[in-house]
Amino acid sequence: MITIALSKGRLADQALDLLEAAGYDCSAAREKSRRLILEDEKAGLRFIMAKPADVPTYVEYGAADIGVVGKDTLLEEGRQLYEVIDLGFGACQMCVCGPASLKGKLDQIPNKRVASKYPNITRSYFEGTKRESVEIIKLHGSVELAPLIGLAEVIVDIVESGRTLRENGLDVLEVIADISARVIVNRVSMKMKAQTIMPMLDALRAELARQKQKEGPAE
Amino acid sequence: MGRRFRMGNYRFHTPDGVSDMLPEECRTKRELEQKLRTLFSLSGYQEIETPGIEFFDVFASGDFVSQENLYKLCDQEGRILSLRYDGTVPAARLAATLFKDTPPPLRLSYVENMYRFRESGGGRQREFCQAGIELLGLSSTQADAEVIALAISSALEIGVTDLQISIGQSEFFKGLMEEWNIPAEDAGEISRHIDQKDTVALEKAADRYGLSSAAKETLLLIPALFGTYDTLEIFDNRVENPRSKEALRNVREILDILDDYGYTKYVTVDLGMLRSLDYYTGMIFKGFTYEVGFPIISGGRYDRVVSVFGRDLAAVGFSLSLNLCMTALRRQDKEFAQVPIDTVIGYSDKPGMRRLALSMAKDLRSEGLITLVDCEGMNEEDLRLFAESRDIEQMVFLDDEDCGCEEEDEK
């Protein structure tokens, strides 16, 4: 039995589409119910529906063998996992954003205040990559507000289309990382259940390649 | 922020990451410890005990342990102390100080609690028991294999039979980085990507350094392949540099020796296992079993550890987490033995009966039978009920000097 942890929401649906296209029966997980564990004994699959930020935790501890989760969550949680496939969907970027007037001048502000839902990514980017001390202000949503009303100079957040930013007079100042959905695997499961997990990963990779080919050179 | 407790309200609780051990579990743990001590000792590894509290510098100076992971205290002189983080570093300190005149090789073992400040969850505790060995002063492949074999024997000895050992080699990767002229700091990042099997990031890195397509292919194969001799051969055909070739030869010979031990079926090669590259200087291995999400065994060659303390001594060793193994055994439904009491003895208030009861208990205990003597002044009927309620096999009630030795069997 393989346990797969999915991030509740759109990501879960896309992951199930892909699994089905790759030849796995996911009807158990398609049931519209409030159940959190959906098991299909015949297919040897068990799905758990979790909050995205919890998916890496389930997988690191081995409560789930495999997980599908955004790279943003992986970077923020910093867990010890195998990160095996980039699924491509849910694509966006993790960015430092702020008033466009700060473009190119970010390094001139000492000890700046940075608001973010992602305090760990923020810390590792400013302290690790840029070697700079900042004050991190953890927020839970509508992070764009922070620079507008003077709570912080800049924010670190994911940017998809950039519309929210532009409507609020903000702009991308620096790109930290490319984000998309990833397949993660527990380090022990990869060894102990290799006979089930490896073929599944191969099937997913093959299906992704097929889809990419069908889309043609658009990408 | 957090819930506010008044002073004294923690008195019913234990801190995060530590736990009480109840009789059944404790007894099982002692048995497992004993099995491991016997195994280590029969294999020529002498047990040592190092202090639970060391100077912070002992663990921090080699740059192998990050300070965030150490429990820190202060002594009366204002010096920073640290709780024992692992078994290797204190053994290395001993080898370079108290054992400095002892000719190598040194074979040392330990069974002790370790303390890690940040570790918690998933069966991992902040205080946990590790059993391990250090083989110091030998740099041969035979020594590498001896340590891995003893790790396998240890797991089997305590009942972990669904065992999978993965062997890697840090020198293989380091040689490749030299061959491809990749500077050390970037190599660190690449090794992390390999260790996480993050092929997306690896491909980007390969393009960034302008690796040839053959080199890129090799890089991407590292996290993808695990097997035995076949894996080694594939890489042997793909690398040129002597450092990587030597690493592959080392692993091949380890496999040969482990086959002589009869342990081939437990072993696979995974050259993508690249944790703590600053620490390991040769083969690396980890042990896995079902039902725990973390490795139960961790080991390898770390030749630089003793030199931090001023003695140039090769070092190879492993540690096994007893707590994780017990969690695994429990989840794999390998029941822990109950703690049976064999006999309970009661006595009447007639003269001499107590003396008789006590000497009888002494005799029974010397035969290895777990024996209780009543301390509540129970009469015969109460004692019988007590014995029944506790599943005690045999009860003896002494009422009369003449019949004192007649035992009343419960059954």
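Two residues are in contact if their C-beta atoms, placed from the backbone, lie within 7 Å. This is a predicted model, in which local features need pLDDT of at least 70, side-chain atom pairs count only at pLDDT 80 or more, and totals for chains, interfaces and linings use all residues. Residues are numbered from 1 along each chain as its sequence is written, while chains are lettered from A and ligands numbered from 1 in the order in which they are written.

**View 1. Chain B meets chain A.** Chain B brings 14 residues to this contact, and chain A brings twelve. On the side of chain B that touches chain A, six residues are nonpolar, six polar and two charged. Here Ala, Val, Leu, Ile, Met, Phe, Trp, Tyr, Cys and Pro count as nonpolar, Asp, Glu, Lys and Arg as charged, and the others, Gly among them, as polar.

**View 2. Domain 1 of chain B touches domain 2 of chain B.** Chain B is divided into domain 1 (15-161 + 289-339), domain 2 (164-280) and domain 3 (348-398). These bounds come from an automatic or database domain assignment. Taken over C-alpha atoms, the centres of domain 1 and domain 2 of chain B lie 26 Å apart. Twelve residues of domain 1 and 13 residues of domain 2 form the contact. On the domain 1 side, α4 (141-157) and β10 (297-301) of chain B each supply at least two residues. Helices (H or I, at least four residues) and strands (E, at least two) are DSSP runs, numbered from the N terminus. The largest share of that side, seven residues, comes from α4(B). By class, the domain 1 side has six nonpolar, three polar and three charged residues.

**View 3. Helix α1 of chain B packs with α4(B).** Two packed helices are described by the angle between their axes and the distance between the axes. For α1 (residues 23-42) and α4(B), the angle is about 150° and the axes are 10 Å apart. That makes the pair roughly antiparallel. Axes are lines fitted to C-alpha atoms, for helices over the stretch in contact, and angles run from 0 to 180 degrees between N-to-C directions. Angles under 35 degrees count as roughly parallel, over 145 as roughly antiparallel, 65 to 115 as roughly perpendicular and the rest as oblique. The crossing of α1(B) and α4(B) is right-handed. A crossing is right-handed if the near helix is turned clockwise from the far one by less than a right angle, and left-handed if anticlockwise. K35(B), L36(B) and L39(B) of α1(B) meet S153(B), S154(B) and E157(B) of α4(B). This contact has two nonpolar, two polar and two charged residues.

**View 4. Helices α7 and α8 of chain B cross.** The axes of α7 (residues 199-208) and α8 (residues 213-224) come within 10 Å and cross at roughly 160°. The two helices are therefore roughly antiparallel to each other. Their crossing is right-handed. From α7(B), the contact takes T199(B), L202(B), E203(B) and A206(B); from α8(B), K216(B), L219(B), L220(B) and P223(B). Five of these residues are nonpolar, one is polar and two are charged.

**View 5. Helix α3 of chain B is mostly covered.** Eight of the nine residues in α3 (residues 88-96) are buried. A residue is buried if 20 or more other C-beta atoms lie within 10 Å of its own, exposed if 12 or fewer, and partly exposed in between. The buried residues include T88(B), R93(B) and L94(B). Among the elements covering them are β2 (53-55), α2 (56-60) and β5 (106-115) of chain B.
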